[in-house]
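This report concerns a single protein chain. Its sequence and structure are shown first.

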Amino acid sequence: MKILTFSGATPAEALKKAQLEVGEEAMLIETREVQKKSLGKSALYEIVVGIEEDLFPKPRVKIEESLMKQRPLAQKSSDVLYNISEAAKQISKIAEVTEEDQRITRQIPKHESEDLKRIKVEIEKLGDKVKLIQNMFWSEKSPKMTTAIPPEFAEIYRLTHESGMDQNHLDEIMQLTLEHMPSKMRESSETVKRYFQVLMRKMIPVRLETPPKNGGKKVIMLVGPTGVGKTTSIAKLAARFSYLLDKKYKVGLVVLDTYRIGAVEQLMQYARMMKLGIETVVDPPEFSSALNALRYSDYILIDTMGSSPYDKGKIEKIYECLKGNNTDYTVDVVLVMPSSIKYEDLKATYDNFASLGIDTMMFTKLDETRGFGNIFSLVYETKVPISYFSVGQEVPEDLVVATSDFLVECLMNGFTKGENV
């Protein structure tokens, strides 16, 4: 094997020289910083590559350098990204070898074991530098802010932007991160990501699940558009309160959704299976009577008619029920919305149901989407806490009590059923 050394002001420049000289078949052996950047001096990096003698190409440097000069900047940028990706693959191979070596460190003299540790540290540093180089051309898509955003933030910006988060919210959070993050933490894209996650967790309000106080009861009404899963969510909550908590609570059901016979039948079937009391309400004056009929219950769960967010008539009928409530029971209004629609539609839905006095929000169909920034943007904008997430159709398994950790994990790394919960 022939060993060659190339130098450049950056690792990318040195790597480019190597690939122009020996092609794509060369194996990256080492990258080192020879000279640090200082006043009047530019940085200098060296890379060491190896190539089999029979694969060594004929000289072609001058021709390719001439071609590179003729290519537009965008073409050069894509070339750098492609070549660095190849280098990253080679770095991964070296890392795998190093990990294998570490498994047998007990059989290696101590000074050699220390050498392996140093090699691994250098590989980790190089891997992070490669990631930064890959993102070096992100500035054209970065937000136009008064404070310049370092390239270390490119990955986190891309993830959150692709998640469906509102652009204004993303820029605000980026600004906060830049203002408050210690400079030492900015040296690594991984520490930037962790800091960003901690910051987002603090911005997500959630409602902790608390049982009824002694002798009291909780009345929970689910409202929202048609087809978001309110009836199934009622069944999940009923099963949870009846069988899954430390104490088995008595649960009663109220149905306002008399517009859809199928919904009434579905909930009655659940009530028969779980042996729950159930009342139906056709007109608002019957609402208080239905609550009183279930006064023996610890939890009263109310299913309402689904409606378009723009159907003021149906929303007004729900409002009349709440306004006409002459019992001593406080009704907790939960707005149920699907996680699979964009932020603007979530916000429009919230605005149109806001007249009901929304206490918490519940998001369904988390298993049907890959972006969760829309949920973050809504709670960040409205400051209304989340109480539950529905992650599938199974009753009662696919119900998750909301936490900020859960939402941030979904937003940054996606949701996979069976792994996130």
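The sections below treat the overall fold, the nonpolar cores and the backbone details in turn.

**Basis of the report**

The model is predicted, so local features need pLDDT of at least 70 and side-chain atom pairs count only at pLDDT 80 or more, while totals for chains, interfaces and linings use all residues. Residues are numbered from 1 along each chain as its sequence is written, and side-chain values use heavy atoms, with hydrogens and water left out.

**Overall fold**

The protein chain contains 14 helices and eleven strands; helices (H or I, at least four residues) and strands (E, at least two) are DSSP runs numbered from the N terminus. Of its 421 residues, 48% are buried, a term that denotes under 20% relative accessible area, with exposed meaning over 50% and partly exposed lying in between (1.4 Å probe, protein chains only). The chain exposes about 22300 Å², of which carbon and sulfur atoms supply 52%; these areas come from the Shrake-Rupley method with a 1.4 Å probe. Contacts are heavy atoms within 4.5 Å. Among contacts between residues at least 6 apart in sequence, 70% join residues at least 24 apart.

**Nonpolar cores**

A nonpolar core is a set of buried Ala, Val, Leu, Ile, Met, Phe, Trp, Tyr and Cys residues joined through side-chain atoms within 4.5 Å. The largest one has 67 residues, and Ile-302, Met-361 and Phe-363 have the most contacts inside it. Helix 14 (residues 404-413) gives the most to this core, with six residues. A second, separate core of 26 residues includes Ala-235, Leu-237, Leu-301 and Met-362.

When residues up to four places away in sequence are not counted, the residues touched by Ile-302 include Val-219, Ile-220, Met-221, Leu-222, Phe-287 and Val-331.

**Backbone details**

Lys-365 is found in the loop between strand 9 (360-364) and helix 13 (373-382), and Lys-383 lies in the loop between helix 13 and strand 10.

Which residues are joined by a cis peptide bond? The bond joins Val-395 and Pro-396, with omega about 0°. Pro-396 is found in the loop between strand 10 (386-390) and strand 11 (399-401).
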